[in-house]
Amino acid sequence: MHFRNIGLSMERSSSPNVPNGKKKRQSEAPSAQEVVKRRKTEEEGVEDLQRRPCGPAKVSVHLDRLQQPITVAQLMELLHFAALGKSRGIKQPSWCRLRHQKKVNGINVAIVDGVTQSLFYNHYLSMEHLRSSYTTRITFTPSSDDVASDIFSLEVPKVDSSSVAPPEEALHEALKDHPVITTYGTQKKGLTAYLLSRQQMIKYRYPVKGLPGFEDFLCTGSDDRVTDDSPLYGLDCEMCQTLKGNELTRVSLVDGDGNCLLDDLVKPQNHVVNYLTRFSGITAAMLKPVTTMLRDVQAKIKTLLPEDAVLVGHSLNNDLKALKLIHRHVIDTALLYRREHGQKFKLKVLAKAVLKRRIQTEDQKGHNPTEDAVAALDLAWYFIGMGPLQVVELHLEELWGWSLEDSPSSTSESTQNYRFADVLQSLNRSVIYLGKRSNVDLDPSFQRWYRSDKEMLSSFRNQTSHFFLSVLRFSSVSAHLNGSYVHCHHQQQLRHDVSSVFQDMCTVFAGPFPANFSKSQVRQLFGCCGPVHKVHMCNTGVRIHAKVQFQMLEGAMLALQVLNGFSVSGQTIKVQRPVKESMLDLDLNLDTLMGDRVNANQLYVSRLTQDVAGGLNVSAAVNGRLSDGKPPGFHPGKQTNGALQTAKVNGKQLRPGTFAPDLSEESLKEAFSPFGSIKSVTLPGTHAKHALIEFESSDGKQAARGSSEDLLKKGYPTWPSMTPPHLRSWVGMATSRETEDKDEDEDEDEERSDSFNCGGTQRNQEVSLLNKLDRRLSKLFNSLPDGTLSVVLLLEHNSRGFDHPGLCFLEVKNGKEHIQEKPTSRKSPENS
């Protein structure tokens, strides 16, 4: 968007009416006196608008920090910064980064009680919206039951008082009830703050879709994705009187820089009874050769306007009626520069007082619509750049006929309140709480109570204007379950069951191994795919197998792909998944996890060590197939009774020196940066056995996966990230009774094997409730305007001494980016 120094005095020489032609702006240089007089007051506001950041707002959290929970206080660091930014003395949050904060135009928080982290992952496949619409997911541990109250009442640290709107008592008495101040406040805002709402458009008789009388009007097709960077277009029309009333005779459209895009004469459909030449400048002789009809200019305007265009005009409702057009996003300068009791300034008066420009002069033959369209456009730019308070102060006497005394009537300073809700309201940003009646620390006039979630959501979605900060509290899921004690017991069992399923997903069975193969050798062998949590040797009396449990799901996936068919001392081993009821949906879970947005740009990397490679003959399947094209399975390899000088990967010999060195940020960046720009490399520990690489975009990840075989030859097995980054490991969610070195016997395994799917009635009830909740959260998210920071909090508090962590979902809504990616197929990981 281009911004012009519109505050400076400029005059445009009027040019004769040229039908069907395009007219360029003519401007004269401002006089020295005018420059000196106005430069200081205008420079700051206009330059601030000129330096708008590029790209949408985004929240990002480093992978290391995602593995630590956040509290309410830490969440408020983000909300305070999102709302106020550095310009008001608020620093970036300590645990995350919000880019392009100025693009945030609202905050919405949805609070859901009674849903733990375990409950979410228990129904992971069913929670489609929550898992696919948010790129940030982090463990949340609230310190109290009053999260909604905390959001409104926690104080904002070190607010720059000079940037906060002056309290009412600090304003001059003459300005307290000024129509502009009471409507728009005192602070500068983006252009979206001055758009007419649907309710206002109805009040001021604008053409509105769906209302009677406008059935045959053409809609321009504008959508709701209007931001403070959307382009402005000036519009003005001239009419004449016909047998059917006023009809269009000329229309002008100018772009944000005032360049004329359209200036056409239009032939009325009905017989003209009065050309209104005095005002329109139109004569019968001018219209006689014209063949352009209303439908023609409608089509031109619809083609010229982008979807997020904002139309600007003076009493624009009359112009749109003459054009028989419906356009959703408008700024009306007759309403922007408000007078008392609903009276309006003439465009000619505003242009002279504000722009120091003469239009509609006596020597002109009627009005020039291009000149009027440019004047309205410049008046809008001026108001946006200066802010309502400066506009009123600079033009109070010449426009409104008021004068200020030498000193304000009240200069006493009151104690400033830095509670978040109060600070926002002082900046004329609306706040609201919606939900069931509860003890929220917020003025009751800013609360709306509802009997049901359905009623609350319907009311919020149907509102005509959006609140800057809205907090919606949904009914507690636990309230619909069987009692507090039973629910507490259920949550304990649920957490254990979900942890058990996650452990099973991280587990593989391997064998048969040679008779003398030890547990430490199994751990060393499988460690090339990732950190091993525990190994349990299974001796059937005939052959020796091992149960290997990884710390990361990706380790198990690589073991299946890389180690299946390995030859150990002449014994070919098979690697396979556990066969049990909890694994029935395994394939569906794995496909869904690969498409999870929280892992969109991340790649899991392990390493093949010389010790492992030197003792093995590698002839296993990589990427789901052997180098000779045969399917994975039992493939006899060469017998190995000791260290080999070379190892074979995909049928190719690799010398010991070619394997990857110890994982380090430098070596990984050197190996993977050719595929795309790397955002971060996360190594858990000094001697890490795996790493997570986050690319700047998913293209880098896709390119690396496409070269996975070449990377494996260099000693880097790779797999798309699947484990949610906010969990240090799924094994880590296991109950505290288990230790890393404790072997599980068969009785323990049976004891916990399928409890995950027991309690059919309880589970069916949970599925129904959570599906309904997910759909409602999806409707809420879709109703938010672009640029809104959306926060969803799943809460479950400490109950009867048990701690059940919740989850926090974060996303700045941007319509163009919320196209869900297709899940990556495990059958073709090279295309993932």
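**Reading strands and their partners**

Modeller: In S10, the residue that forms the bridge partner of Gly234 is Val312, where strands are DSSP runs of E with at least two residues, helices are runs of H or I with at least four, and both are numbered from the N terminus. The model is predicted, so that local features need pLDDT of at least 70 and side-chain atom pairs count only at pLDDT 80 or more, while totals for chains, interfaces and linings use all residues. Residues are numbered from 1 along each chain as its sequence is written, and side-chain values use heavy atoms, with hydrogens and water left out.

Biologist: In which sense do S6 and S10 pair?

Modeller: Strands of a sheet pair through backbone hydrogen bonds, in a parallel or an antiparallel way. Two strands count as paired if DSSP finds at least two bridges between them; strand S6 (residues 232-242) and S10 pair in the parallel sense over 3 bridges. S10 also pairs in the parallel sense with strand S12 (residues 330-332), over 3 bridges, and there Leu311 stands opposite Val330.

Biologist: Which residues of S10 are buried on each side?

Modeller: Buried means under 20% relative accessible area, exposed over 50% and partly exposed in between, with a 1.4 Å probe and protein chains only. In strand S10 (residues 310-313), Val310 and Val312 on one side and Leu311 and Gly313 on the other are all buried.

Biologist: In what order do the 4 strands of the open sheet lie?

Modeller: The order is S17-S18-S16-S21, with antiparallel pairing, and the edge strands, S17 (532-539) and S21 (574-576), each pair on one side only.
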